[in-house]
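Please consult the sequence and the coordinates shown here alongside the text.

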Amino acid sequence: MTDNLPRARGGETPGTTSGAGPGTGPDTGTGLDTGTGLGTGSAPSGSGTDAERLAALGYRQELRRSLGVLGNISMGFAVVSPVVGLYAVGQVGLGVAGGAWVWALPVCLLGQMLVVAVYSELASQWPLAGGAYQWSRRLTGPTFAWLTGWMWQFAVMFANTTVAYLASPWFFALFGLTPTPAQLVLVSAAFLLACTLVNAYGVNVLRRFVSLGIAAEAVASVLVGFALLLLFRAHGFGLLTDLLDAPATAGVSTGAAFLAVIAVGGWAFIGFDACVSTAEETKDAGRQVPRAMWWALLSVGVVVILNAVAVELAHPDPAAVVRGEDLDPVTTAVTSAFGDWSAKPFVVVVLISFTACLLASQGGAARGLYSLARDDVFPFARHVRRVNRHRAPIGGLVAATVVSAAALPLGLESTAMGSLITFGTAATFLPFFLLSLAALLARLRGAWRPSGQVSYGRAGTVVNALAVLWTGLEVVNICWPRSILAPPGAPWYQVWAAVLGVGLVTLAGLGYLLVRRPQRLMREGAAEVRAVTDELAPAVH
């Protein structure tokens, strides 16, 4: 934090632009962020250039600002990924709640729309990389903000581990091979390294790779979904309300089964915050990032629901999934409909989808680390905050890859990797909840009044409260230990994986807080910003 302010003053000087420059609008103070949660430093979107708005928030433009709204949408679409999302939840949903599981998807989508509404107001006012951390430190105290950013960061990095690991079997499937656990881990590491190399060449190269990936994924997903639904439907629509005795088979009530599916289904609609990660590389970010989040979530949501319904109705024997005899209902539905010739092309589409997802998610993780490190509040910050000649956050990329790769040996034991997946889901929803709660409390105290181009007025408070309710219930729902979501014979620690994982990462964060005291640096940084504010006040007013 302490080394950002002199650079902001030496570059595009905050608060000194002519006309309606940063910080001259109502309820914005001088446009400089104090980090105290008092509602100052909003730097409304649309005032001055992007670099000036960034300088008004205390930072210098270091990353390459070259993305348009479509490029930003592609980042969010790739991370949410309809193919990856459907594969992650389809087999579990059908196995736990039968044909009726698909109704959990609209519930999860509506819940996540509440979160995006809150995120839109925040991103419009503070279009910064590392949204969870940056926004929290402007809404609350530094300790709460730092822990929120710490938890979000590890959730993303470990999610990258699981995406790489889940992609590796498809690589072997392309050649008709059956891999050993060690081979899966090695190929997963290769996926991580390859995506790191692409990310290292900067956001323009990343955008091209991701855009090609999601173009192939979107076209294939939509075409396959409509073809299955219109040409290869094997069951009537009544299947969509048929439980197929799945809850009884699992030994739970219908309500418990539906709650379990909602816990899993939420994973299909996370990742839209990748749009925020590239906010400092997006033109007119205060206006375009909120749009990109909405487009990413809604487009993926429609495709996921379409394909979930299509796969279920085209599957030759959905009851086999309930009995545990078919662990890959998506591939079964596609190959039974189109024939065996479609197996290889389908594997290629899935591989492309996983690769695009990993590329975008890894890029988001790197930018989140960069955001923390430039404030000197992350381990090895001097190295992690480095930007290379392509203006890519190379330090964050290396750190994110090291952490993600360090968790890969868990793949030698499949149940352990399942624990990581469960933790990742819980750790992602926890920052959603904490940030929504911080925003709501700031509104109610009068400490935050949305002043970006996106503001929902009084309705925003109601939506914010509903977002807190949804994310809070989902955190409890995901963390609730239930054996029906664990593989048969899974050890006790996988059943409790969400609670244990969140607890361990939180304890590690608290340990860092006690030893390194990043919250002290954040307070000192806020004091420096106030000093700059006082110094620039005559020029601004």
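A cavity is a set of grid points where a 1.4 Å probe fits but cannot get out. In this predicted model, four cavities of 30 Å³ or more are present. The largest cavity contains about 260 Å³ of space. Its lining comprises 18 residues, and Val79, Val156, Ala159, Gly271 and Ser361 lie nearest the centre of this cavity. By class, eleven of the lining residues are nonpolar, six are polar and one is charged. At least two lining residues come from each of helices H7 (142-174), H12 (274-277) and H16 (343-373); H7 provides the largest share, six residues.

Tyr119 belongs to helix H5 (residues 104-125) and Trp135 to helix H6 (residues 131-139), so their pair ties together parts that are 16 residues apart in sequence. Tyr119 is buried because its relative accessibility is 2%, under the 20% cut-off. Trp135 is likewise buried, at 0%. Phe171, at 33% relative accessibility, counts as partly exposed.

Ring pairs also join Tyr119 and Trp135 with Phe272, Phe429, Phe432 and Trp470 in a cluster. Trp470 is one of the buried residues of helix H20, which has 23 residues (457-479) and reaches 33 Å from its first C-alpha to its last, close to the 33 Å expected.

A further ring contact involves a charge: the charged end of Arg374 sits over the ring of Tyr59, 3.8 Å from the ring centre.

Notes:
Residues numbered from 1 in each chain as written. Predicted model: local features only at pLDDT ≥ 70, side-chain atom pairs only at ≥ 80, totals over all residues. Heavy atoms only, no water. 1 Å grid on protein atoms, 1.4 Å probe; cavity = no way out; pocket = protein on both sides within 12 Å on 5 of 7 lines; lining within 4 Å. Points joined across faces, edges and corners; volume = space filled by probe spheres on them. Helix = DSSP H or I, 4+ residues; strand = E, 2+ residues; numbered from the N terminus. Nonpolar A, V, L, I, M, F, W, Y, C, P; charged D, E, K, R; others polar. Expected span 1.5 Å × (residues − 1). Buried < 20%, exposed > 50% of the residue type's maximum accessible area, 1.4 Å probe, protein only. Phe/Tyr/Trp six-rings, centres within 6.5 Å; stacked < 30°, edge-to-face > 60°. Lys NZ or Arg CZ within 6 Å of the ring centre and 35° of its normal.
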